[in-house]
Amino acid sequence: MQIKVENNKAWFLVLPVFLIVAFSAIIPLMTVVNYSVQDIFDPYTRYFVGTEWFKQVMLDSRLHEALLRQFLYSFTILAIEVPLGICVALMMPTKGRGASLALILVAIPLLIPWNVVGTIWQIFGRADIGLFGAFMSSIGVDYNYASDPTDAWLTVVLMDVWHWTPLIALLCYSGLRAIPEVYYQAARIDQASRWAVFRYIQLPKLTNVLIIGVLLRFMDSFMIYTEPFVLTGGGPGSSTTFLSQSLVQQAIGQFDLGPAAAFSLVYFLIILLVCWVFYTTIMNMQKDK
Amino acid sequence: MAAITLNALAHTYTDNPTKPEDYAIREMTHVWEQGGAFALLGPSGCGKSTLLNIISGLLKPSNGEVLFDGKRVNELKPEERNIAQVFQFPVVYDTMTVFDNLAFPLRNIGVPEYKVKSKVYEVAEILELSDQLKRKAKGLSADQKQKVSMGRGLVRDDVSAILFDEPLTVIDPQLKWKLRRKLKQIHEQFNITMVYVTHDQLEASTFADKIAVMYNGQIVQFGTPRELFENPAHTFVGYFIGSPGMNFFEAELKSQGEKETLMFGDHEISVSNAMLARLKAMGANKVTLGIRPEFVHVWEGKNSDAFHVDVDYVEDLGTYKILSFLFHGQVMKARLSEDQKVPSGQIYVSFPEQWTKVYVDDYLVEVTDATVDNDKTKEIPHAN
């Protein structure tokens, strides 16, 4: 069949999308790509270095450690926040004034800016003037996030759990509200246990919101910067130095723009890969056998 | 399997009920016998689903008791009552396979796996789901999902009764018919008490041996489809059952010396003398008369016993025609058989005495020796 082309004006209609995508994603990303394959001194003095920076980044043991630390951190907070968020959602009241009150209370941590969260916990955890720190020392625990790596880790994790569990809880709460009452009635008729109700009615209906929740929390936690920077500055030593902070140290602290750019690209690809693997696995699990 | 007795049962959703209208279920006593197939028929909002949920235990009645085989079960939770309930919208456990869905109620009560297997296969066979057992329930069509919901009620040996809450609402018309037949078969095979809630009289009469007609939170009549048709105990039954419903008109009891007559305007409507005596004894002056369109006699020619009325219009419904006529200013309907001549202009109609029903305050007035079907034991449940 021959299609007669009248004119090509339709292309103008997709132009805005091209422009937006170009300016929001492609051009900034290409800048990074540019830096990652060249050694740039000034706009007129630059040398093509090929995969040099990538090799350097891949072999950097400090970055290996930061990457490991980063994975450990992301999985820890996910392992805590997801179950905890579901529990909170299950316990939140569904009717009356209690429901609105619970929603507001749960949502409060989400409204606080990142650097303020860091500051809050920095003070909260101090043994001299902080409530948490003072409480820990009063019960005889030698707690000091500024000098002890374990305590620093604990504080950073606790801070994130406090800050972001509400997001999972709210997502799950909305998911739970969407389950029709008749499912619970049918389950009672079928003599299902509380666990069976959760496992076969609530959890399946929460899958979709949980996918969004886990993806959001993984990406955000994998890129975490502000809170640990304010709270511990990456220390003690480099025990709470995560990938973003390493990147910033490299790019702004040492002004090694080449390796930093290569690092950024690898960083970006890791996040993309993990999200893709996670999403495809979940989707495959849901498919009809 | 059990007989279900509702004893002085009433239910209200308000905290301080003061008038009868506050009750979703007005005080009623009713028995569903063991092994019967019953329909609970009524318009939306008449309390059908409320009544069903009270039987299954999902709702606690405000007053009265629910008895299974004479044992009070008010305090028992639904899971302890051994009741199966199929809801309007199919409920399946999405992530499970069809097999696991059917096995679910059995596994919940700890039935050994080999028994689960044989029972599930048996039920799947009956419901024609055998080739779907390995599929995830999520991907099933609406009617298959509804079959799975029903199947979960059938796998258990211990169910006292299966309650259906308008289960075929979301099913396509052709499949509706098939599933209804399936239910009927299952009923014959298992001999379980079944209560089927619907607002569709055809569905009710094809499924059930006996139909309870519900209106404003009360069961106004409980009888076979034929009884409901021939002898409606309440004006609502006359109106709701049949298509079109019963013709109703108000008549007055007038005394002329010793003799009583029932007058509709200046027309005398003939009823038995026993009925006239009964009405007089009741002191009822105003009565409602009802006659089914099927029983209105349309005369071809002039007839001195018949009333002279004006034809309004004739509706052709394919196999039969519905004649609308004006009788003393009131529109009434008569059903014409296929071969009957289509009348026009002025015609003559008469109301056979045996099919002219008399209602006082919406309830049927019966005179035992004058009833047609000789069913003297039939009770008319008065709920209030």
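Predicted model: local features only at pLDDT ≥ 70, side-chain atom pairs only at ≥ 80, totals over all residues.
**Figure 1. Overall make-up of chain A.** Chain A contains twelve helices and two strands. Read from the N terminus, its elements follow the order α-β-β-α-α-α-α-α-α-α-α-α-α-α. The radius of gyration is 24 Å, well over the 19 Å that the globule rule gives for 289 residues, so chain A is more spread out than a compact globule. Along the principal axes, the C-alpha atoms of chain A fill a box of roughly 75 × 75 × 35 Å. Buried residues account for 27% of the 289 residues of chain A. Among contacts in chain A with a separation of 6 or more, 68% join residues 24 or more positions apart.

Figure 2. An unreviewed UniProt entry lists "domain: ABC transmembrane type-1" for residues 67–278 of chain A. This span is 76% helix and 0% strand, and its end C-alpha atoms lie 18 Å apart. The feature "transmembrane region" is placed by UniProt, again in an unreviewed entry, at residues 12–37, 71–92, 98–117, 152–176, 197–219 and 260–279 of chain A. Two of these spans are shown in detail. Residues 12–37 of chain A are 100% helix and 0% strand, with end C-alpha atoms 34 Å apart. Residues 98–117 of chain A are 70% helix and 0% strand, and there the end C-alpha atoms lie 27 Å apart.

**Figure 3. The contact between chains A and B.** Chain A contributes 16 residues to the contact and chain B contributes 23 residues. On the side of chain A that touches chain B, the elements giving two or more residues are helix H8 (181–189) and helix H9 (194–222) of chain A. H8(A) gives the most to this side, with six residues. By type, the residues on the side of chain A that touches chain B comprise nine nonpolar, three polar and four charged.

**Figure 4. Overall make-up of chain B.** The secondary structure of chain B consists of nine helices and 21 strands. The C-alpha trace of chain B spans about 80 × 50 × 35 Å along its principal axes. Of the 384 residues in chain B, 41% are buried. Residues 24 or more positions apart supply 67% of the contacts in chain B with a separation of 6 or more.

**Figure 5. Nonpolar cores.** The largest nonpolar core has 92 residues. Within this core, B:Phe38, B:Leu40, B:Ala161, B:Val195, B:Tyr196 and B:Val213 touch the most other members. Leaving aside residues up to four places away in sequence, B:Leu40 touches B:Lys48, B:Leu51, B:Val195, B:Tyr196, B:Val197, B:Ala212 and B:Met214. Another core, of 16 residues, lies apart from the largest one, and its members include A:Trp53, A:Val57, A:Ala260 and A:Phe263.

**Figure 6. The loop around B:Gly47.** B:Gly47 belongs to the loop between strand E3 (37–41) and helix H1 (48–56) of chain B. With 22 other C-beta atoms within 10 Å, B:Gly47 is buried, because the threshold for a buried residue is 20 or more. Not counting residues up to four places away in sequence, B:Gly47 touches B:Ala24, B:Ile25, B:Met214 and B:Gly217. B:Gly47 and B:Ile219 are 172 residues apart along the chain, and their C-alpha atoms are separated by 9.7 Å.

**Figure 7. Packing of helix H2 of chain B.** Helix H2 covers residues 98–108 of chain B. Its buried residues are B:Val98, B:Asn101, B:Leu102, B:Ala103, B:Phe104, B:Pro105 and B:Leu106. These buried residues of H2(B) pack against helix H3 (113–126) and helix H4 (142–154) of chain B. Just after H2(B), B:Gly110 adopts a positive phi of about 75 degrees.

Figure 8. Strand E16 (residues 307–316) and strand E17 (residues 321–327) of chain B run antiparallel and are joined by six bridges. Across this pairing, B:Glu315 has B:Ile322 in E17(B) as its bridge partner. Four residues separate E16(B) and E17(B) in their hairpin, and B:Gly318 in the turn has a positive phi of about 90 degrees. E17(B) also pairs with strand E18 (residues 330–336) of chain B, in the antiparallel sense and over seven bridges. In this second pairing, B:Ile322 stands opposite B:Arg335 in E18(B). The hairpin of E17(B) and E18(B) has two residues between the strands, and B:His328 takes a positive phi near 50 degrees there.

Conventions. Residues numbered from 1 in each chain as written. Chains lettered and ligands numbered in written order. UniProt positions renumbered as here; feature names shortened; annotations may be inferred. Buried ≥ 20, exposed ≤ 12 C-beta atoms within 10 Å, placed from the backbone. Contact = placed C-beta atoms within 7 Å. Core = buried A, V, L, I, M, F, W, Y, C linked by C-beta atoms within 7 Å. Rg over C-alpha atoms; globule rule 2.2 N^0.38 Å. Nonpolar A, V, L, I, M, F, W, Y, C, P; charged D, E, K, R; others polar. Pairing = 2+ DSSP bridges.
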